Every structure is written in structure tokens, then in C-alpha cells.
Amino acid sequence: MRRRIQISKDIFIYRIDSTDTIVSISDNWCTFADANAWGSSLRPEDVVGRKLWDFIQDLETQHLYQELLRRTRGGMNSRPIPFRCDSPKERRYLELLIKALPNEQIEITSKICRTEPRKTISLLDATTPKSSDLVTVCSMCKKMQVSPEKWAEIEVALVHLKLFEADIMPQLTHGLCPTCYQVAMGELDDFETPNKAIDSDKE
Ligand SMILES: [Zn+2]
């Protein structure tokens, strides 16, 4: 069996088997590994054969994926789920598509829909020194949690948390904001732009 999938640079595909072990990944691994914080120092051959859960470490995102995989294996078709995969210099808007394959395999496709350049956000730069403080970032929309109830676009959150004035940046930890959970679970209508989802309450 071929273990690599050749594909355009804007689409990243991997497949897992019935035990959630990664059985193949597309060739453009490094581009996506960085953005997903999966560790671009890993070579594709280090990734194939490992459990998906080695790469999705926060519990809320794990729970979301587990639920999506369970539904897909149960025969439900999932709609494309919007998510963000930002780099320090770019906002990247992607879609996640989860598809059942024969033999209980699942194919997970991440497709870059569009990107927007922005002023470099040093908080997102892995090489910037970090303090022991933690801030939570939603693993799907990349909003930051600014209070127990509130999540904001990173530029807004930096002002809110006074991080533009900080000498040293906090560490990022990942979680899931309530809006993304609801969208992924199909409890909200698909949103075309992240802003639409923030502005509208559940309808
Ligand atoms: Zn979110």
C-alpha cells in the first residue's frame, strides 16, 4: 500500500484506521505540521503508525474529534467544518472534511480556502521566549480566551490582555470555544466567515 498521498499544496490529507492509528499522510506534511503544532521536525515516516491522539493533545479538541469520528463511523456525513490554522504572519482559513473509507478507515482532509497577511504576531511564533503564564487559544478558530465567557480574535485579545505592552509573552494552551463546538456538532448553521459566528447568537 502507498503510504504517501500526492496532492496540491493547499490540501492536506491523512488517513487513520479503525484504531485511530495514522496509516498515510500527504507529502506536503511540513506545511501543515507547523500550522497544526504537530511538530514539523517530525518526518512523515515518524508520524505514520502513531495514534492520532499523540498529535491532538488538548482534551477538548480530542473530545471534538472523537465525536466527529464516532459519527462518521456511524454513517453520518459531516459537512465541511471551518477552522483556522494561523501562522505568525498569516490568518489561514481552512475547512476540515471527514470521510468514511472502507475497512473503518477515515480520511481527514484539511483544505486552505484563503489566507490573509497580517502584522506579525510574536505570540504565535514558537521561537519567542515565553513566561509561565498561560492563555487558551481555541484550536478551531484560533480565538483567545480573554475571560471565562469571552473569546476574541487574537489582535483584539492582545489589547484586552495588555499583551502588546508585555515584555514577555505567555504560553499558549489549546482548548475549544463554545461556538466552534456547536458548529462542528452541527448545532449551528455553517458560517462563512468567523465573524458571522461571533456576532450571531445561537439561532
Ligand atoms: Zn473557536
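Mentor: The account below begins with one residue and then turns to the chain around it. This is a predicted model, in which local features need pLDDT of at least 70, side-chain atom pairs count only at pLDDT 80 or more, and totals for chains, interfaces and linings use all residues. Residues are numbered from 1 along each chain as its sequence is written.

A152 lies in strand β9, residues 151-152; strands (E, at least two residues) and helices (H or I, at least four) are DSSP runs numbered from the N terminus. With 18 other C-beta atoms within 10 Å, A152 is partly exposed, a class between buried (20 or more such atoms) and exposed (12 or fewer), with C-beta atoms placed from the backbone. Leaving aside residues up to four places away in sequence, A152 touches K143, M144, V146, A157 and H160; a contact requires C-beta atoms, placed from the backbone, within 7 Å. Between the C-alpha atoms of A152 and V137, 15 residues apart along the chain, the separation is 9.4 Å.

Buried residues account for 23% of its 203 residues. Of the contacts between residues at least 6 apart in sequence, 55% join residues at least 24 apart.

The largest nonpolar core has 32 residues, of which C138, M140, C180 and A184 touch the most other members; such a core is a set of buried Ala, Val, Leu, Ile, Met, Phe, Trp, Tyr and Cys residues joined through C-beta atoms within 7 Å. A184 touches L64, L68, I81 and M140, again not counting residues up to four places away in sequence.

Note on methods: Contact = placed C-beta atoms within 7 Å.
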